[in-house]
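This report is an introduction for a reader who has not seen the structure before. The sequence and the model are shown first.

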Amino acid sequence: MAIPGQKQLTHMEEFMEGIWKQNPVFVMVLGMCPVLAVSVSAVNALSMGVATTFVLVCSTLLVSLIRKVVPKEVRIATYIVIIATFVTIVDYLIQAISLKLYDALGAFIQLIVVNCIILGRAEAHASKNPPLRTVVNAMGMGLGFTIGLFALGSVREILGAGKLFGVSLFGPDFQPWVVMVLPPGGFFVLGTWLLLFNWLKQRKPAAAQPVEAHVHG
Amino acid sequence: MGDISVGQIFLAAVLSNNFVLAMFLGLCPFLGVSGQLKTAAPMGAATTFVMLVASLCAYGLNWLVVHFDLEFLRLISYIVVIASAVQLVEMVLKKYSPALFRALGIYLPLITTNCAVLGVALFQTAREYSFAQSITFAAGAGAGFTLALVLMAGLRERLHLSKVPNVVQGTALSLMLAGMLSLAFMGFAGLGAGE
């Protein structure tokens, strides 16, 4: 953010924000509904991530471009209409590209509209920053979201179906852990991921510093 | 889907297809406002009210967009109506119960981005529910949301008094709890109307 006196982030740092420091799934825990609902397989998770990234980048770009024109009182309503427009585009796009994927993701494509990450980014970042910076930040956030989705989707597919991207991993003798692809599995896997991050954070407070320095460099 | 009785729809929305625990809708307020019973129940009630309004409006709007062949405007019109309904609830609460208004804080305007509300509108459209079915569905979804929120708040109030290892504190623990609740709700599978 361009607050006077505070050091401006470089574009690279801005990009890494979403992937590491403020990862929407693991750090901010935002937009959990699609994360848990569509992460039953790696393919679904990746496509959802890409769709969300598209909407995120396009709508934050537009919000950033018109940020000086929109009156403060109606800004949220404006943002929502902008986001809804792009979601409609994505909805029709996916329907045209793959009907199978469209059926698998179901209402969750249209529900991208209410994904807190997008409105959150529009309000917290795009409304205060120039277009280039916003797009870079949105891409980082989108990628971070996709990584989070993939981390969840792949674990659930491996444990729940013994497959990854539809390819069988353990041969015919594998007894799938079905609960993992059912709703409770989503909660458990995400909970375990968060637990893992908590544990790493507490265990190596000193070691966390060099990792971040490395990422930002 | 004209043949499903309203009772079945209600049961399914409350229990077997609970919006929060089986369909993953409305998780943000579920994790955010479920700290105390005192705020969980009113939050559920406010959300239920918005759901009913949204469902009513969505039914009318859907007829309009189909009638004028403007289906691509459906999503946009739904979200605008929901945003207005939330604004209405906010104004009423601010006037009549400022204390509650403050307690709900940021989560009240966020009902707009509660996917459960938009979910109600979208699902009733996708399943081509009739008017009575739509309203029942919205009421059931609201009741289910409130039930999940209150159960979770009760559990978390208990947890305040117990010793929890540092590493699982916060969201990780809430998610584990939600997973167990969800597992319990799977016992209702088959009750009411399915997908």
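## Chain A

The model is predicted. Chain A contains nine helices and two strands. Read from the N terminus, its elements follow the order α-α-α-α-α-α-α-β-β-α-α. Chain A is as compact as a globular protein of its length, because its radius of gyration of 19 Å is close to the 17 Å that the globule rule gives for 217 residues.

Along the principal axes, the C-alpha atoms of chain A occupy a box of roughly 60 × 50 × 25 Å. Buried residues make up 45% of the 217 residues in chain A.

## Where chain B meets chain A

On the chain B side, 33 residues are in contact with 32 residues of chain A. Four helices of chain B, α2 (27-32), α4 (74-96), α6 and α8 (171-185), each supply at least two residues of the side that touches chain A. The largest share of that side comes from α8(B), with eight residues.

What kinds of residue form the side of chain B that touches chain A? This side has 26 nonpolar residues, seven polar residues and no charged ones.

## B:Q124, a residue in a helix

B:Q124 is part of helix α6 of chain B, which covers residues 115-126. Is B:Q124 buried or exposed? It counts as buried because 26 C-beta neighbours lie inside 10 Å, and the cut-off for a buried residue is 20 or more.

Leaving out residues up to four places away in sequence, B:Q124 touches B:S55, B:A58, B:Y129, B:S134 and B:F137. B:Q124 and B:S5 are 119 residues apart along the chain, and their C-alpha atoms are separated by 14 Å.

## B:L110, a residue in a loop

B:L110 sits in the loop of chain B between α5 (98-104) and α6. It has 19 C-beta neighbours inside 10 Å and therefore counts as partly exposed.

Which residues are in contact with B:L110, leaving aside its neighbours within four places in sequence? They are B:C28 and B:P29. B:Y129, one of the residues that B:Q124 touches, is 19 residues from B:L110 in sequence and 27 Å from it in space, C-alpha to C-alpha.

Definitions and conventions
Residues are numbered from 1 along each chain as its sequence is written. Chains are lettered from A and ligands numbered from 1 in the order in which they are written. This is a predicted model: local features need pLDDT of at least 70, side-chain atom pairs count only at pLDDT 80 or more; totals for chains, interfaces and linings use all residues. A residue is buried if 20 or more other C-beta atoms lie within 10 Å of its own, exposed if 12 or fewer, and partly exposed in between; C-beta atoms are placed from the backbone. Two residues are in contact if their C-beta atoms, placed from the backbone, lie within 7 Å. The radius of gyration is taken over C-alpha atoms; the globule rule is 2.2 Å times the number of residues to the power 0.38. Ala, Val, Leu, Ile, Met, Phe, Trp, Tyr, Cys and Pro count as nonpolar, Asp, Glu, Lys and Arg as charged, and the others, Gly among them, as polar.
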